[in-house]
Amino acid sequence: MYHEIEKKIARNRLLPKAIKDLTINRNNSYILDIENVRTTYLWAFQYLQENNFRLTRELTQKDIYFTIDEWTKIHRQTFDAKDPRQLKILYLCGPLPSNDFEIFREHGILGRNVYALESREKEFNNAIEDLNSKNYFINIIHEELSKFLKTNNIKFDLIYYDACGSFCTGKPDTLNPIIEILTEERLSDISALITNFSEVKESNEFHSGLIASYYLGRYNDLPSSFWDLNADPAILAFEPENLKKIVKDNFEIFYSDFISRFISDSARYLIPNSRAISFNHLEAEILDRIKMNAKISRAFKDYEITVDNSDDDYLSSIIRQIDDWDLNPGGYPLYTFLKNIPKLTNEKSFFDRFNNIKINNKALKDLIPTISILNALIEGHQDTINHDFLKTIYGSWFDNAGGVFCDVPLPNLAINSYLGKYGRPNHINTIKSDRISYKAKENRMFTDYFLLDNCSEFYNHFPVIKQGLHFFSDIRNQILIRSMIDRIGRYDWASTSHPYRGSALAGFYEIPIAKSYEIPDRDYIN
């Protein structure tokens, strides 16, 4: 399998692309491209001034340009060039590490910056022989990927995870390494993550339930071919078994999309927001812990509904007994995913894995209800955060009531920005990313190339909570921050679980760059 032509095609397409995106094409790899942010910022001020908004009347052109010019001076795009010899790379090498290393070497990567892992003793010994036979010297290590990530603090520019198994299986465990890469923060500020998973062999019963759980309540981010099935996602949100049957009958389509979307969700939202809220000092600044605990105490539990037919308004009485995340599953997409896994897979072991994943010694399962409620604050959860933070959230934007720009800035924009400042997300650059599939012998493989950006010029510029009200008292800071959120939100715009959904300043094509950049379709090589 290590010499198959299809695998070679995939390798030769994605590895050089990743190296070039991180080096010679690096200037075009930033989600927050200087010119695009500047264009959005200046357009917003032009729009406000043309409509005679009071807050902009006393600002001169010099005042307006000052803020964007100061931000531009410290943008990585102005100084962050990288040579291939500087890149650090981690990959699973198998018995023939030279296959991948020769591509790295051809593109200027130094052997001393390459880390190759092989956990199986026989394959490791074969790998040493392979390297010796060609006089190649790299950092080859006899270790499992998850253990290596936990015991080393190296940040890598490129991680190539060729899993040799289907996604989210237990033997080998193909999910945990992805989680460890993200929880241990092993990716550099702009990085490439390449994953390769095989199709699901034998029964797809478990995976059909898992994937159906993920898509419950989702709309725009369903696979494009879903809309040919004459099914209504609004109805399926409350008919999980029917959705599971649709997934099972169209398994490859859903499986292919699930791989890309769940990894993207984990990188930009699930792991970083959980990390942020796991910090005790941040939790104290944000939450009314007593009221939040009262809400999350009902998480993942079934509860009995009392029906009083003698009550003329008994339907309202029933609805009041149901938590909002059950009435509105699309408003809490990752909580909905996790809650429905045991029901739709008929096993609890995968759900329990989220209890075993720890961030700052707190279980991911216990953090997800909190970040889900914060993300859906607009649904009536304002009482779960402390008064000072609530003032900061609603004091961030002058147009909270709407009627100015394309989208009304709901609380999720400010909340996820504050959590992102501490959680350090990795956003997927959907323009640069790539998805392919190929058949190798008897197995269909699904390979994803994620170009990830931690958008540090946004999160480093965003204020700490205690300075938020003062920072946003200057409308120039508001418009600069909103311009950056607008740009981040346009990458994978359709996602129900995008932390910056509803972030557009300009409507589609109101200016040329006001458009969405969706996850690319998967290219089937054979």
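Helix axes here are lines fitted to C-alpha atoms over the stretch in contact, and angles run from 0 to 180 degrees between N-to-C directions. Helices (H or I, at least four residues) and strands (E, at least two) are DSSP runs, numbered from the N terminus. This is a predicted model, in which local features need pLDDT of at least 70, side-chain atom pairs count only at pLDDT 80 or more, and totals for chains, interfaces and linings use all residues. Residues are numbered from 1 along each chain as its sequence is written, and side-chain values use heavy atoms, with hydrogens and water left out.

**Stop 1**

Select helix H8 (residues 205-215) and helix H10 (residues 240-249). Their axes come within 8 Å and cross at roughly 120 degrees. Angles under 35 degrees count as roughly parallel, over 145 as roughly antiparallel, 65 to 115 as roughly perpendicular and the rest as oblique. H8 and H10 are therefore oblique to each other. Now show the side chains in contact (heavy atoms within 4.5 Å). H8 contributes Glu-205, Ser-208, Gly-209, Ile-211, Ala-212 and Tyr-215, and H10 contributes Leu-243, Lys-244, Val-247 and Lys-248.

Next, select H11 and helix H18 (residues 364-375). Their axes are 9 Å apart, at an angle of about 95 degrees. H11 and H18 are therefore roughly perpendicular to each other. On the H11 side, the contact residues include Tyr-269, Leu-270 and Ile-277; among those of H18 are Leu-364, Leu-367 and Ile-371.

**Stop 2: aromatic rings**

Rings of Phe, Tyr and Trp (its six-membered ring) pair if their centres lie within 6.5 Å; planes under 30 degrees apart count as stacked, over 60 as edge-to-face and the rest as tilted. By this rule there are 42 aromatic pairs. Pick Phe-167 and Phe-262: a tilted pair, 6.3 Å centre to centre, with 55 degrees between the planes. Phe-167 lies in the loop between strand E4 (156-166) and helix H7 (176-183), and Phe-262 in helix H11 (residues 251-278), so the pair ties together parts that are 95 residues apart in sequence. Both Phe-167 and Phe-262 are buried. Buried means under 20% relative accessible area, exposed over 50%, partly exposed in between (1.4 Å probe, protein chains only).

Go on to Phe-398 and Phe-405. This pair is edge-to-face, at 6.4 Å centre to centre and 85 degrees between the planes. Phe-398 is partly exposed at 24% relative accessibility, whereas Phe-405 is buried at 7%.

Then widen the selection. One aromatic cluster holds Tyr-161, Phe-167, Phe-197, Tyr-214, Tyr-215, Phe-254, Phe-258, Phe-262 and Phe-337.

**Stop 3: charges over rings**

A charge sits over a ring if NZ of Lys or CZ of Arg is within 6 Å of the ring centre and within 35 degrees of the ring normal. Find Arg-218 over the face of Tyr-214, 3.9 Å from the ring centre. Then find Arg-482, whose charged end sits over the ring of Trp-397, 5.3 Å from its centre.

**Stop 4: single residues**

Select Asn-230, in the loop between H8 and helix H9 (233-236). Its phi is positive, near 60 degrees, in a residue other than glycine. Asn-230 is exposed, at 78% relative accessibility.

Asn-360 sits in the loop between strand E6 (358-359) and strand E7 (362-363). Asn-360 has a positive phi of about 50 degrees, though not a glycine. Asn-360 is partly exposed, at 41%.

Finish on Thr-183, in helix H7. Thr-183 is buried, at 17% relative accessibility. Leaving out residues up to four places away in sequence, Thr-183 touches Ile-271, Arg-275 and Ile-359.
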